[in-house]
Amino acid sequence: MTEPDPEVAFAAIEIDAQFALDRPWLSAPPVAARPLVTIGIFPAFGAHRAWSVFDTPGPSVLVREIAWDRVSDLAAFAEPFPGRVLPRPTKPTLVLRDIHTPRATLAEFLASVESLPLPAETPPWSPTASEVSFVRLDARPGAPRFVWTWDLPPGWETLLTWFAEAIRTLEHVMTESR
């Protein structure tokens with residue numbers, strides 16, 4: 001039996017991982033509610049991560065973090081050494097964490113999502129970008145999704161500042177729950 005082309009096999013894993021990061025409500029266990037906001041950061045070298053805040057019934061919200069260990073998955077497809085017998089993955093290496101936190105804990109963050117001034121349009125895509133980030137505001141009509149690299153046009157400064165603070169806030173909530 002011959003192995004599939006490594007580039008094709010890794011591309012399939014990458015598609016599965018990006019799907020999970022972009023649509024966190026579908027990952028096991030699935031969440032019935034859509035997220036209020038999903039943010040993600042995909043560095044060229046490092047784990048790709050996404051966080052979502054779901055509006056669940058009751059006094060708490062669900063925060064879901066999904067991380068893809070892209071570096072390890074990619075390393076498994078490196079040029080084989082003579083006699084290599086290690087299996088290559090067929091699915092992405094994903095780590096999912098769910099925590100319920102009191103709605104009040106994220107009240108300020110959720111209010112900032114609602115009042116976030118958004119740029120008029122997404123900047124042109126850069127296929128050579130070393131890092132890609134995104135924000136999806138699922139609670140708004142049409143679920144706007146903003147994707148960018150770090151080479152941004154003027155007018156995006158507010159979104160970038162908010163994005164950095166959003167990551168700090170959600171990482172803090174996840175850390176405090178341990």
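Me: How many helices and strands are in the protein?
Reply: There are 4 helices and 6 strands. Helices (H or I, at least four residues) and strands (E, at least two) are DSSP runs, numbered from the N terminus. This is a predicted model: local features need pLDDT of at least 70, side-chain atom pairs count only at pLDDT 80 or more, and totals for chains, interfaces and linings use all residues. Residues are numbered from 1 along each chain as its sequence is written, and side-chain values use heavy atoms, with hydrogens and water left out.

Me: What pattern do they follow along the sequence?
Reply: The pattern is α-β-β-β-α-β-α-β-β-α.

Me: What share of the residues counts as buried?
Reply: 42% of the 178 residues. Buried means under 20% relative accessible area, exposed over 50%, and partly exposed in between (1.4 Å probe, protein chains only).

Me: Which residues of H4 are buried?
Reply: Leu-159, Trp-162, Phe-163, Ala-166, Ile-167, Leu-170, Val-173 and Met-174. They cover an arc of only 145° around the axis, which puts them on the same side of H4. The arc is that of the directions from the helix axis to the C-beta atoms.

Me: And what is exposed on the other side of H4?
Reply: Thr-161 and Glu-176.

Me: Switching to cores. How many residues has the largest nonpolar core?
Reply: It has 28 residues. A nonpolar core is a set of buried Ala, Val, Leu, Ile, Met, Phe, Trp, Tyr and Cys residues joined through side-chain atoms within 4.5 Å. Those with the most contacts inside this core include Val-37, Phe-109 and Trp-162.

Me: Which element gives the largest share of this core?
Reply: H4, with 8 residues.

Me: What is Phe-109 in contact with?
Reply: Val-37, Val-53, Trp-162, Ala-166, Thr-169 and Leu-170, leaving aside neighbours within four places in sequence. Contact means heavy atoms within 4.5 Å.

Me: What about a second core?
Reply: A second, separate core has 14 residues, including Ile-13, Ala-76, Phe-77 and Val-147.

Me: Now rings. How many aromatic pairs are there?
Reply: A search of the whole structure finds 3. Rings of Phe, Tyr and Trp (its six-membered ring) pair if their centres lie within 6.5 Å; planes under 30 degrees apart count as stacked, over 60 as edge-to-face and the rest as tilted. One of the pairs is Phe-10 with Trp-68: centres 6.1 Å apart, planes at 25°, so the pair is stacked.

Me: Where do those two sit?
Reply: Phe-10 is in helix H1 (residues 6-22) and Trp-68 in strand E3 (residues 60-68), 58 residues apart. Phe-10 and Trp-68 are both buried.

Me: Is the Phe-42 and Phe-134 pair stacked or tilted?
Reply: Tilted, because the planes are at 55°, with the centres 5.6 Å apart. Phe-42 lies in strand E1 (residues 35-43) and Phe-134 in strand E5, so the pair ties together parts that are 92 residues apart in sequence.

Me: Is Phe-134 buried or exposed?
Reply: Buried, with a relative accessible area of 1%.

Me: What does Phe-134 touch?
Reply: Beyond four places away in sequence, Phe-134 touches Leu-21, Asp-22, Phe-42, Trp-148 and Phe-163, among others. The C-alpha atoms of Phe-134 and Asp-22 are separated by 9.1 Å.
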